[in-house]
Amino acid sequence: MEFDKKLYETDVLVLGSGASGCGAAIAARRAGADVLMVDKGRLESSGNLGGGNDHFMAVLDVDEHDGYEDLADYWATPVTGMTRGVVRNMYESMKPCISILEEAGLEFKHNPDGSYMRSVGFGQPGAWWIHIDHGFTVKPKLAKYIRKMGVKVVDNVQVLALLKDDDRIAGCLGWNVKNGDFVVIRCKTAVLCFGLVSERVSNNSTHKPFNVWYSPYVTGSQQVLALEAGASVNAMETSDMCTMLPKGWGAPGMNGINNMGGRELNAKGERFMGKYDPMWENGLRVHQVMGTYNEMLEGSGPPFVMDMTHFSAEDARHLQYDLMPGDKETYLDYCRARNIDFTKAPLEVEIGERLIGGLVACSDEQETDVRNLYTSSLLGNFSGAMCLGYSAGRFAAARAAETSMPAIDQAEVDSWFSTLYDPLIRPCARPVSYTTFEDGLRQVMDYYVGFQRTEGSMLRALESMKVLEEYLPRLGASDFRELMRVHESRELFKLCRVYIQACLQRKESGRTMYRRADYPDLDPSLNRPLATSLAADGAVEFAWK
Amino acid sequence: MPPVFDEKKCVKCQKCVTNCPGYVLRMGKETPEVAFPDECWHCGCCRVACTQSAISFEFPLHTRL
């Protein structure tokens, strides 16, 4: 089997074409840079935004609690390492990004007086979440806009490594998952936009790893590639995400349900969230998930439901028929399959799977520890991703304008070319499939590193990870699609192994989507970020900041 | 068995196949087909890309339990 080699060059390389990547590409192109964006998927459908979105978070300086200081007070938390400077970048990008989305043809909901229709969500002090009409069309519309403005889009290329020239970014390498081409991209600057969190590391009740909340095709490139290139990653042990899912189905939508007044009831018919958050269901999501988990431990469920039967007919219609299909286009097909009508009966929900990730550490100008490598994907929502992508794209374009083209390490490129196809063209005698391997990974993560865990259980998990590691060389593929999945499996394994080690460092409970049974209380001294990095020999290193 | 294709409406343009973010679809003899149903995210990108309204959705058993 022969593989062609393709070499591209660009000023600004955008790594990932989801919401972050779109923001970065648009800003860098507007600044006059030559921009190339690369992604394993296709721009029209890639990333979490490929599934649609029904809300865009923005402070607009028109209402109470509607400005930069409010935004910074909420998002610049010590634990994540997100600074007020980075939040300012997001703030300054919000109005431009809204204009871009409107230029691209996206429609926001308006009140009769012409103002944006907005709701309060996630325990925030102001109504920051603008309602979107036809949210499932966001990605195709943005894709059309981006292609038209002259961004070079390289679809279907799975990035496997970042390339460096001394201490600066020099590009990336990967391969085309449809035709097998080996791809090298050289750049002056780059922006990491591969996504804050990854799925396929734990199960929901269906044990179907692709039937999940966020995109199951995002598998840890953001953190793994950054770490391997020498960047550090903050908050890997606190970035767990989880939500309440419609029973049996990996769909978003809980923000819309909570912010419009949905009431969560346990199996006894009791509304219980007041015990866990002063804003009840519309408080912090970690409180909703862990509160529901606590109810379950106490025998008050399952089942759990979200009750919207008290809504006005118009609110119920807007929620079920405008917002929910915007968040996932197939929502109404699910409703038909289960005879769901928000006006007539509550929606059964379950605690979903857990997602893990982390924030690549950066300066206020969003530059990582690797010179000329910028980062976005610092927030997991559409607006945060796009707006911080937009600011990172601006910074990356400005630096590219004063930077020469770096050199590529040809020996590293040749080494990758000679090995990346091995699972396909040189399989071992008894190959193991990616499905078998990933089932094992989730078995470890669910059993030893679940909602409740201890130092002992996590150390035992690391022992099991050593067994899984023995299977890595045996992963086999029979076609390009399977080879792509094999590389995803390898990445997920690396992500989980670093994550478990990071979790061992945080000896407290109360800040995350899990509990340390051996450290059940909050430790005020740990209200700060834990930075994770890799030493030259590959050992994981930690530093409290 | 997530997307279901109406062969009377399908014009075999393969836009659904191209836009599937999970590489779950492939072209069959008459219409596209779901080659890897367990890896479908139910995102509906195939239906958004379809200009002929040829795609409906049938939810698998585990989503009804």
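**Loops, sheets, helix packing and contacts in a predicted model**

In this predicted model, Pro303(A) is found in the loop between helix 7 and strand 15 of chain A, where helices (H or I, at least four residues) and strands (E, at least two) are DSSP runs, numbered from the N terminus. Residues are numbered from 1 along each chain as its sequence is written, while chains are lettered from A and ligands numbered from 1 in the order in which they are written. Because the model is predicted, local features need pLDDT of at least 70 and side-chain atom pairs count only at pLDDT 80 or more, whereas totals for chains, interfaces and linings use all residues.

The peptide bond that leads from Pro302(A) to Pro303(A) is cis, with omega near 5°. The bond from Gly301(A) to Pro302(A) is cis as well, with omega near 0°, and Pro302(A) has its place in the loop between helix 7 (285-297) and strand 15 of chain A. Elsewhere in chain A, His65(A) has a positive phi of about 50° although it is not a glycine; this residue lies in the loop between strand 3 (55-57) and helix 2 (68-75) of chain A. For background, most residues other than glycine have a negative phi, and most peptide bonds are trans.

Strand 15 (residues 304-307) of chain A is joined by three bridges to strand 16 (residues 347-351) of chain A, and the two run antiparallel; two strands are taken to pair if DSSP finds at least two bridges between them. Within this pair, Val305(A) stands opposite Glu348(A) in strand 16 of chain A. Both strands belong to an open sheet of four strands in chain A, in the order 13-16-15-14, with antiparallel pairing. Strand 13 (244-246) and strand 14 (263-265) of chain A stand at the edges with a single partner strand each, so one side of each is left without a neighbour in the sheet. From one strand to the next, the twist averages 40°.

Another open sheet in chain A is formed by four strands in the order 18-12-22-23, and its pairing is antiparallel. Its edge strands are strand 18 (359-360) and strand 23 of chain A, each of which pairs on one side only. Strand 12 (residues 233-234) of chain A pairs with strand 22 of chain A in the antiparallel sense over two bridges, and Val233(A) stands opposite Thr532(A) in strand 22 of chain A. Strand 22 (residues 530-534) of chain A is in turn joined to strand 23 (residues 540-544) of chain A by five bridges, the two strands running antiparallel, with Glu541(A) in strand 23 of chain A as the bridge partner of Ser533(A). The hairpin of these two strands has five residues between the strands, and in it Gly538(A) takes a positive phi near 95°.

Two packed helices are described by the angle between their axes and the distance between the axes. Here, axes are lines fitted to C-alpha atoms, for helices over the stretch in contact, and angles run from 0 to 180 degrees between N-to-C directions. Helix 14 (residues 455-471) and helix 15 (residues 480-505) of chain A pack at an angle of about 155°, with their axes 10 Å apart. That angle makes helix 14 of chain A roughly antiparallel to helix 15 of chain A, given that angles under 35 degrees count as roughly parallel, over 145 as roughly antiparallel, 65 to 115 as roughly perpendicular and the rest as oblique. The residues of this contact divide into nine nonpolar, no polar and two charged, where Ala, Val, Leu, Ile, Met, Phe, Trp, Tyr, Cys and Pro count as nonpolar, Asp, Glu, Lys and Arg as charged, and the others, Gly among them, as polar.

Helix 13 (residues 434-448) of chain A also packs against helix 15 of chain A, at an angle of about 20° and with the axes 10 Å apart; helix 13 and helix 15 of chain A are therefore roughly parallel to each other. By class, the contact of helix 13 with helix 15 of chain A has eight nonpolar, one polar and three charged residues.

Between the chains, 21 residues of chain B are in contact with 27 residues of chain A, two residues being in contact if their C-beta atoms, placed from the backbone, lie within 7 Å. On the side of chain B that touches chain A, the largest share, three residues, comes from helix 2 of chain B. The residues of that side divide into ten nonpolar, seven polar and four charged.
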